[in-house]
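Student: I would like to learn how to read a helix and its neighbour. Could you take me through an example?

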Amino acid sequence: MEAFSSKDMAMKAQKKILSHMASKSVAHMFIDDNSSEVLDELYRVSKEHTGNRNEAQKVVKNMIKIAVKVGVLFRHDKFSADELSVAQDFRKKLHQGAMTAISFQEVEFTFDKSVMMELLAECRDLLLKLVEKHLTPKSLDRIRHVFNHYSDPELLTHLYDPQGTLWPKLGKICSGLNRMIEEGKL
């Protein structure tokens with residue numbers, strides 16, 4: 001006999017509904033203004049770098065879907081003690097990545113794309129480990145898509161070029177990351 005749980009059914013429905021609603025306007029409802037501004041700048045960076053509006057929208061939409069789904073899983077206490085430990089490792093690595101990104105932007109001639117690529121790969125792997133038992137293969141592919149997109153060496157080189165067109169956007173992203181760190185959100 002199959003076990004039925006209305007709580008599990010509600011959680012699955014929330015994940016499904018919220019993932020279908022993932023758009024910039026919905027993101028503004030669920031995400032604070034600062035995070036929303038960072039997402040907007042990440043969208044602009046992707047759009048300018050790729051020259052492809054649809055790809056830029058897709059990568060940000062995937063980011064929002066994953067954040068919403070992980071939030072639903074947390075809210076419903078779906079993570080084991082071991083997974084919560086992985087979540088802490090992910091949070092620390094994400095914080096380290098943000099601090100490194102800010103440092104590379106603030107201190108001239110310190111940018112090292114291999115360091116950023118490695119940090120992003122470690123974040124990706126930790127997040128995949130955290131959610132692998134809870135999300136579908138399609139959602140896991142979304143995680144890979146987001147992290148692989150932003151760890152592209154050409155994008156990182158373009159982004160961190162002080163003479164480049166993406167440099168002002170990087171300044172806004174780092175400013176937003178700084179505020180998130182100060183507020184204890186990252």
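Tutor: Let us look at the chain and then at one of its helices. This is a predicted model, where local features need pLDDT of at least 70, side-chain atom pairs count only at pLDDT 80 or more, and totals for chains, interfaces and linings use all residues. Residues are numbered from 1 along each chain as its sequence is written, and side-chain values use heavy atoms, leaving out hydrogens and water.

Student: How many helices and strands does the chain have?

Tutor: Helices (H or I, at least four residues) and strands (E, at least two) are DSSP runs, numbered from the N terminus. Here there are nine helices and zero strands.

Student: What should helix α3 span?

Tutor: The expected span is 1.5 Å times one less than the number of residues. For the 18 residues of α3 (residues 33-50) that gives 26 Å, and the end C-alpha atoms are 26 Å apart, so the two agree. Gly51, with a positive phi near 70 degrees, follows α3.

Student: Which residues of α3 are buried?

Tutor: Buried means under 20% relative accessible area, exposed over 50%, partly exposed in between (1.4 Å probe, protein chains only). In α3 the buried residues include Val38, Leu39, Leu42 and Val45.

Student: Which residues in α9 does α3 meet?

Tutor: Contact means heavy atoms within 4.5 Å. Among the α3 residues involved are Val38, Leu42 and Val45, and the α9 residues include Ile173, Leu177 and Met180.
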